[in-house]
Amino acid sequence: MLDPLALAVALPLLGALLVTMLPGWSRTLGMLTALATTGVALWLTVTVWSGEGLRSDLGGWGVPLGIGLRADGLAAALVAMANLVALAISINATGYFGAAESSRKFWPLWLLLWTALNGLFLAADLFNLYVMLELLGLSAAALGALTGTREAAEANLRYLLVGLLGSMTYLLGVALLYTAYGVLDLELVAEALTPGPVAWSALALMIGGLLLKSALFPLHFWLPPAHANAPAPVSAALSALVVKAAVYLVLRLWLDLFDGIATLPAAMLLGLLGAGAVLWGSWRALRAERLKLLAAYSTVAQIGYLFLFLPLLTAAPDGDTRERLLTALVLLALTHGFAKAGFFLAAGLVQKSTGHDRIRELGGAAQSLPAATFTIGLAGVALIGLPPSGTFFAKWVLVGQAIALGQWWWALVAMAGTLLAAAYVFRVLARAFNREPTPKCFLTDPRTEIPALLLAALSALAVGLAAQPIAVLLGAGV
Amino acid sequence: MSSSNPQALLIPLLLAAIGALLFWAFWSGLTGHEGERLAALALERVPESGASNPVTSVLLNFRAYDTLLELAVLLAALLGIWSLGPAAAPYQRASLLLDSLVGWVVPMLIIAGGYLLWIGGQAPGGAFQAGALLGAAGVTLALSGRPNAGLPGEAWLRVLAALGTLVFALIGLTLMGVGLGFLTYPPALAKALILTIETGATLSIGATLAAAFLGGRPRAKRNAEP
Amino acid sequence: MSHEILLTQLLYGGAGILFFLLGVWSFISHEPLWRKLIALNIMGAGVFHVLVAVAYRGLDAPPDPVPHALVLTGIVVAVSATALALAFGRRLDREAPEHTSDAHGGVDDREDGTHA
Amino acid sequence: MNPLLLGFDILLSTTLLGLALAALTSREPRRGVILFIAFGLLLALVWARLRAPDLALAEAAIGAGLAGALMLSAARRAARRR
C-alpha cells in the first residue's frame, strides 16, 4: 500500500527533518534521503510510463474536500529529470561542502527545496500549489545566500521579495476562482471554468505571478545575480530546477486550467516575451565576463525558448501536432535541466580550483581540469542544440511547426538564438583550450566531475535519443 | 508630465485599470451562485473529522497535507535565518519592576496557549493560535533581556523546531504503511491523532517563532553536536 | 443568497482588493526593505480579506470553513517570509559600507574556502 | 437590511483603508510599523465581525503581534542608523 506520489514528497521532508535534528549526521542522512527519493521518483515515472496516470487522494476524502496528488506524463517526465539532477547535485554537494559548517546549513534547506519541487510537479490543488511555491521560494533564497557574500545576500533578498510578490499575486487569482467556483482542485475548476471576467482576471493574476517567478524577459532582472552568486551546487539547482518548476506551472495552468480561456493574442504576447528573452539573454551571455554569469544569462535565454512554444501550442489543432510540440517542449526543458546543472557544477569546480571564474583568464583550464572542460563542452553542445542533443530535436520541431502554422517569425528567433549560443559556448572553450601540454589525469575531483559529466552527457547524447520513450510517457496517463 | 517621474503617474493608472477588472471579476464571481459546493460539503462532514470546530477539521484533517507543508515553510524560514548569521545583540535586562511583570505575563501566556490548544477542537483556537502565544511568551522574555528567549541550547532547539512536523509526517507515513493512505486517519482514532499532531505543532510553532524573533543562530556556547 | 450578505461580501471583498492594489503600488514604488515588507504584508492581508469575505454567510449561518483554513495557513506563511526577509536585512546591515572593519564577521564559508 | 450594521461596516472599512494608506505612505520606520500593527489589530476585529474568530485570534497574535514585533526591532535599527 505504498503510494509513490505521497512518498516522493514525504521522503525528502522526512530527511530534512532528521537532518535538522541531527546536524552531525547531515551528509550521511542527506545522501540516504537523496537515494531513496530518487528511487521513488523513478518508480513513479516507470509506473506512469507503463500505463495509467497516478492519482491519490490524501486523507481519503476525495475531491473536492481533500487534496489530491497526480502524475500524468508531463509531471512524471519532469519529476524524473528533477530527481536525477538533484541526486547528482547531492553527490556533488558532499564534496563541495564537505563536512564543514556550511554542510549543516545546506542539507536541511536542500531537502526542503527538493520536497517543494516534487510537491509542485505532483500537486493537483490550486492552494496547495501556493504553499509549495512559498516553500520553494524561501528555501531557494536561503540556499542561494549560503556563499555568505554580500552580493549573494543582496541578490537573494531581491529574489525572495520578487518571489513573494509573485506568489501573492498567484494567490489572489486562486481566491477569485474560489469565489466563483467554490472548489480548489485543478481538474474541477477546469471543468467549471467558463470565459468571463473571473477567468480572465484569474488567468492574468496567476500566470503573471508565475512569470515573475520563472524570470521571463523582462521580469528576469533578479535571476542573473542570484544564480551567479550562489554556491555552485545551488546555482545548478536554481537554474536547472527551480525556475523550471515555475515554467512547468505556467504550462500546466495554460494547457489544463485555462484551456479555452487563454487566447492566441495572449499566447503571442508570451511568445514575444520569450523571443525577447532568447535574444537578450543570449546577447548578455555572450558579453558576460564570468562563467557563472554567462550560465545564468543562458538560463534566461533557454527559458525564452520554452515560451516560444506557447503560441504554437495554442494555435495547433488538438491531436498529432500538439503532441509533437509538447514532446519537443518537454525535451527542451529536460535537456536544459541536465545541461545547465552539469555546466554549473563544472563551473563551480573551475572557480574552486582557479580561485575565480573570469572567462578572460580561463587560459589552460582544459589542461588542468580536462573533465570539467569536457563537461562544459558537452553541456554546450546541448545549449547550442547540435545533434544528437534533445535541443536539436526540439528546435527542429519548433522551426518546422512554426513554418507549418504560419508563424515563421519564431523560427528566425530560434535560429538567431542558436547562433548566439554557439558564439558564447565557443568563446569559453576557445579560452579553455589555449595552452599546449597535454593533461596528466582526466579527473581531478571525481565527486564533482563524475556527476557533472554524467548530467552533461545525458543532455547532449541520451535525452535526444530518448525522444520516442518521452513521447510515450507524455501520451500516458492523460 | 508634470511629475518629475512619469512612472509615478503611470503605475497608479495601470493599477486602477487592473483594479476595475478585479472588482468586476469579484462581483461576477460572487453573483455566479456556484460558490456553495465545497462549503456545504465541508460543514456536513465535520462530525466525521474528529474535531467539532470546522476550521480545525479542515486544517488538520481534510486539508492536513497543506498544514504539514506550511509547518515545513516555517522550518525553512528558521533554517534560512540561522544560515544568515548569529543572533542580534540581546536586549538590555529589564528593570526589576518590569522583570517581575514578565514573571507574571509569561506563565499566563503559556497557560493561555495550552488552553487554546485544548479548546481548538471544539471552539475557536488550535495549534497555530496556541503556538503564537508560546512564541509571544518567548518574545516577551527576549525583550526583557533573556538572550535565549527561554529556549534551550541549539541541539535541543533543533529537535524542538522539527518535532511538530516530524510527528505529523510520521503519523502520515505510518497510516500509509498500514494501508490507509497518507494522512488518512481512521475515524476512531481521528480525535487522538489530531490532538497529538496539534500538541507537537504548538511546541514547534512556539519555539520557531521565538527563535525567529532572536533572528540568528543561538549564541549559546553549548555544544551543538548530537 | 440575500442582498444583505452580498453587500457585506462586496464591501469587505472590495476593500481586500483595494489593499492588495495599494500594497502592489507601494512595493513597486518604495525601495527600503521595511516598506517593501509592510507592502507585502498588506497585499497578503488584502487577499486574506477577500477570502474571509467570501466565506461569510450572514450572521445566522455558519461561515465556510475552507477559506478560513486557507487564510490561517497564509498568515503563518506570510510571517515566515517576513522573518526570513528581515534576517536578510540584518545580514546586509551588519556589513553596511560604513562598518568595513567587521566586513567579514560571520562569513565563515566563502565559496572558495570550503574544506574537503 | 440593517442600516446600523451597514454603517458599522462602512466605518470599519474606511478606518482600515485609512490605516493601510497611512502605514504604506509613512516615511518613518517606527511610525509605519506601528500603523501596520494597528491595521492588523483592526483587521482582526473585522474578521471577528465576519464570524471568523479563529482567524481574528491568529491575525492578532501572528499577523499583527509577531510580525509587528519582528518589524519593530528592524525599524528600531533602521531609525538608529539614520
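Helices, at least four residues long, are DSSP runs of H or I, and strands, at least two residues long, are DSSP runs of E. The legends below describe close-up views of a predicted model.

**View 1. Spans of chain D that a record lists under "transmembrane region".** An unreviewed UniProt entry gives residues 6–25, 32–50 and 56–75 of chain D under this heading. In the predicted model, the span of residues 32–50 of chain D is 95% helix and 0% strand, and 27 Å separate the C-alpha atoms at its ends. The span of residues 56–75 of chain D is 100% helix and 0% strand, with its end C-alpha atoms 25 Å apart.

**View 2. The pairing of strand 1 and strand 2 in chain A.** These two strands of chain A pair in the antiparallel sense over 5 bridges, and within strand 2 of chain A it is A71(A) that stands opposite L54(A). Strand 2 of chain A, residues 67–71, is mostly covered, since 5 of its 5 residues are buried. In a regular strand the side chains alternate between the two faces of the sheet. In strand 2 of chain A, I67(A), L69(A) and A71(A) point one way while G68(A) and R70(A) point the other way, and all are buried.

**View 3. The contact between chain A and chain B.** Here 51 residues of chain A are in contact with 54 residues of chain B. Several elements of chain A each supply at least two residues of the side that touches chain B, among them strand 1 (54–58), helix 1 (4–21) and helix 6 (150–181). Helix 5 of chain A gives the most to this side, with 10 residues. Sorted by class, the side of chain A that touches chain B has 34 nonpolar, 14 polar and 3 charged residues.

**View 4. The contact between chain C and chain B.** This contact takes 33 residues from chain C and 38 residues from chain B. On the side of chain C that touches chain B, helix 1 (3–29) and helix 3 (65–94) of chain C each supply at least two residues, and helix 3 of chain C gives the most, with 18 residues. The classes on this side of chain C are 21 nonpolar, 8 polar and 4 charged residues.

**View 5. Helix 6 and helix 8 packed together in chain B.** Helix 6 (residues 127–143) and helix 8 (residues 190–214) of chain B pack at an angle of about 35 degrees, and their axes are 7 Å apart. Their crossing is right-handed. The residues that meet include G131(B), G135(B) and G138(B) in helix 6 of chain B, and A201(B), I205(B) and L209(B) in helix 8 of chain B. By class, this contact has 13 nonpolar, 5 polar and 1 charged residues.

Technical notes:
Residues numbered from 1 in each chain as written. Chains lettered and ligands numbered in written order. Predicted model: local features only at pLDDT ≥ 70, side-chain atom pairs only at ≥ 80, totals over all residues. Contact = placed C-beta atoms within 7 Å. Nonpolar A, V, L, I, M, F, W, Y, C, P; charged D, E, K, R; others polar. Axes fitted to C-alpha atoms, helices over the stretch in contact; angles between N-to-C directions. Left-handed = near helix turned anticlockwise from the far one by under 90°. UniProt positions renumbered as here; feature names shortened; annotations may be inferred. Buried ≥ 20, exposed ≤ 12 C-beta atoms within 10 Å, placed from the backbone. Pairing = 2+ DSSP bridges.
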